[in-house]
Amino acid sequence: MLPSLKNVFFSDTTTPTTTTSTTTTPTTTTTTTTTTTPTSTNQTISNPPIKRDIGDINDYENANYFNYYRILKNKYYNLRDSVGLKNLSNTDTFKLIDFTIDCEMNNTCVASILKQKYSNNSDTPVEGIYKIPLAPYSVVSGFTVEYQDKVFIGKIKSKEKAQNQYSDSIASGGQAFLAEKTQDGQFSFRIGNLPPNENVTIHLTVISEVCPHLSSLHNCFHHFLFPKYSFNFQFNLNIKLTTPIKNIELLYYTNKEIKFKENSNRKEATLSFSSKNGIDDDIVCIVEPENDIEKPQSIIEHTKSNNTYAVSINFTPSFSHLSSDDVNQKSEFIFLIDCSGSMSGKPIKKAKRALEIIIRSLNENCKFNIYCFGGRFTKAFDNSKVYNDETLAQISKYVEKIDANLGGTELLPPIRDILSTESDFEYPRQLFILTDGEVSERDCLINYVATESNNTRIFTYGIGNSVDTELVIGLSKACKGYYEMIKDNSNFEEQVMKLVSIAFEPTLSNIKIDWGTELQIEQGPTKIRPLYSGETLVVYALLKDNKIPQSTVQVSLIGNGPTGSKLEFPITLDFSKTIDYENNSVHTLAAFNIIKDLEEDERKGDHSNNRDRIEELGKNYGLISKYTSYIVTVSSEQVTEETMKTLDIIQTPTTTTPPSNRRRQEVDHIMNQPMLFKSCAADLLECSETLSEAPSFKCRKERKVFSFTKISSFFSSPHTSSEYERSAHIAYFDNKEKRNNNSINNSSDSLIELIKLQKANGSWSSPFNEFKIDLSKKPSNIDNDDIWITLIVINKILNDYPTQQSQYDLVIQKASKWVKQQLTRLNISNQYDSLLATSKLYI
């Protein structure tokens, strides 16, 4: 077994056993994981545990899973009018009468059957088009259509064959159904030659990943799924977890009924409610498991019909017992700074000052880099470099030269440059973006970064009142990060450091599942995202060739722990205690995640022969993909001769108009400086040559095609800002400058000068000339002048700048940790507090 650390992941309520160098015998043999706890060797001086108010489990709108619906809400204002079966020319053609949702929920999956009955008031045959929004963690695995007492079941076929078969059936007067997933993530299918005045019932089977939020599991149906008018509605949720349930809650609806199943040890329960007046609010079911969710949990699903097995593993570790002294993890930090003309004056000065603090807050376990962007971009290093005294000095010189002189706001080229570089899973990549404006093709940019969320976490800062809020929020949410809106420059550094502090919270990285030699599996996702504080890991696998052992199998979850050690968490899979879910939810999500990996490989050009496997998985588990579609064709008993009406509801719902782009004053600035403009033009050409190799995709925005291969899509055409825009710019920034003649006061300047003298390891060293330090007062048991100097500087900063503690907190933590390491070397680690108090007398 790998060495581990005690109480890194588990709260006081758990009593795990200790890992030894030999394999331990599991204490239980159920599908619930048997987990052994990491052990600890040397304990450093205790610091308060790292704690942060990470929110309320009921605050689902701030959960990462809700970002898809948040984007839809901001993009479309009439989406509810276009979902379901509609006729835009005659809204009375189809009307929803009854809607029933039956769900089954386990640790990792939710299987939902949506049954919708529509009346059909058309007097002629019609081609209806049905559409609902489908979150990226959900997939349709089955659909049927009923009318005239007949049931038509959808079958998966290759996309080209399905399209041809649909067209042929319609042309011959038969009935046909074709289902696909649209580019904006909505599930859509066409119903051709639907007989007049016949009610239609649609059944959809939707398999979703459970939505983890903090310590809870959510099951959410957005009100976008439902029309605005009244209809009969029934909701039923059957919950089956492998751990006891602490609490169940349904938001907004009071007429709910919650029952725990007898003799289930509170592991099984039901929730139901009904309405005669339709649905006006989101349906949000919140299940809070007991603390055992902090241990890896496993489910083995066995499908008896074809004798296949699938496994899911979920894990939500707790880092609550770690102090800042305990954390010794690796990470890559990249800072992307807006240097367009509108950042001139106080904003760019504040940004530079924040960078000076940030780069001294990093440690020698980090890699780092800084990018500056505008109409072009520059970077301190070609690739991120390891943090040390040499690279710190180099990047400090780069920061000194930063200015708001790079033209327009083109964010995609530097992001593309960053994300196209293969991430090092030993160093989880965290990207910080600071901007005060807008970009063209915002939605396409957000969709693009979302494809890289498995290896990069993004933090965003929006500066001022004219920043595109949706850009700031969307980029961070797409990559499960955090954002800050900085409206007042007086709190600039504090708000910047708030997110940097979150980035230093304990992380489990470089995660792998060791399935051993007994199991032959296909895993999805193949690359596992680093597990940050408050997040949940979910991994699926299909067993190959249906070969299983006779009893139990020990597998392991392995990763780099936050203390710098490799950690291993044993998981016992007991194949005598499998579960046969009716809708094969674990199998379906395993196949769904494998298909996503295969499609992503193709997007990046890594493989070109994935189509056969994607089609095979799609057909086996009823999944739509880039190569597969649902199709049903039925020969009509009487060929339809009347003219068929097409109900064209596939057109995009009306989009909300974003705030008019505050085009930047730097265009005038550039145009007035020919040499700079020529330099920018040369860099634009260089960027275009590099980026033209990227795969292209299309994004609908006012019917314009966006392609990575067209440099015109990346960069705005130069044009002159209006006098109104120029005066607005002056009103926001320059007038603030006049009210604050000294943008950085003397106290702040002296603090920065002190911080800039700190070495990469956290110490301040001799010779030290910033203020007088009497080295003759150094205690005799300290053998290094730097220890004494660092203690005095710590006290100096704490004493002279108490109101700026949030800015320098990480700097002091790093210095304190270095001192403690030196005292441990001298076998006087218990004297840190007394030495700190003594040194305070000499500041």
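The count of salt bridges comes to 28, where a salt bridge is a side-chain nitrogen of Lys or Arg within 4 Å of a carboxyl oxygen of Asp or Glu. The model is predicted: local features need pLDDT of at least 70, side-chain atom pairs count only at pLDDT 80 or more, and totals for chains, interfaces and linings use all residues. Residues are numbered from 1 along each chain as its sequence is written, and side-chain values use heavy atoms, with hydrogens and water left out.

One of these salt bridges pairs glutamate 104 with lysine 240, and their closest N and O atoms are 3.9 Å apart. Glutamate 104 sits in strand β4 (residues 94-105) and lysine 240 in strand β15 (residues 232-240), so the bridge links distant parts of the chain, 136 residues apart; helices (H or I, at least four residues) and strands (E, at least two) are DSSP runs, numbered from the N terminus. Glutamate 104 is buried at 18% relative accessibility, while lysine 240 is partly exposed at 30%. Here buried means under 20% relative accessible area, exposed over 50%, and partly exposed in between, with a 1.4 Å probe and protein chains only.

Another salt bridge joins lysine 379 to aspartate 417, with 2.9 Å between the closest N and O atoms. Lysine 379 belongs to strand β24 (residues 377-379) and aspartate 417 to helix α5 (residues 412-419), so the pair ties together parts 38 residues apart in sequence. Lysine 379 is partly exposed at 25%, and aspartate 417 is buried at 18%.

Glutamate 615 and lysine 619 also form a salt bridge, at 3.9 Å from N to O. Both lie in helix α10 (residues 611-621), and because they are 4 residues apart, about one helical turn separates them. Shared partners join Glu160, Arg611, Glu615 and Lys619 into one network of salt bridges.

Next comes a pair of helices. Helix α16 (residues 785-800) packs with helix α17 (residues 805-825) at an angle of about 150 degrees, their axes 10 Å apart; axes are lines fitted to C-alpha atoms, for helices over the stretch in contact, and angles run from 0 to 180 degrees between N-to-C directions. That makes α16 roughly antiparallel to α17, because angles over 145 degrees count as roughly antiparallel, under 35 as roughly parallel, 65 to 115 as roughly perpendicular and the rest as oblique. In the contact (heavy atoms within 4.5 Å), the residues of α16 include Ile787, Leu791 and Ile794, and those of α17 include Tyr808, Ile812 and Trp818.
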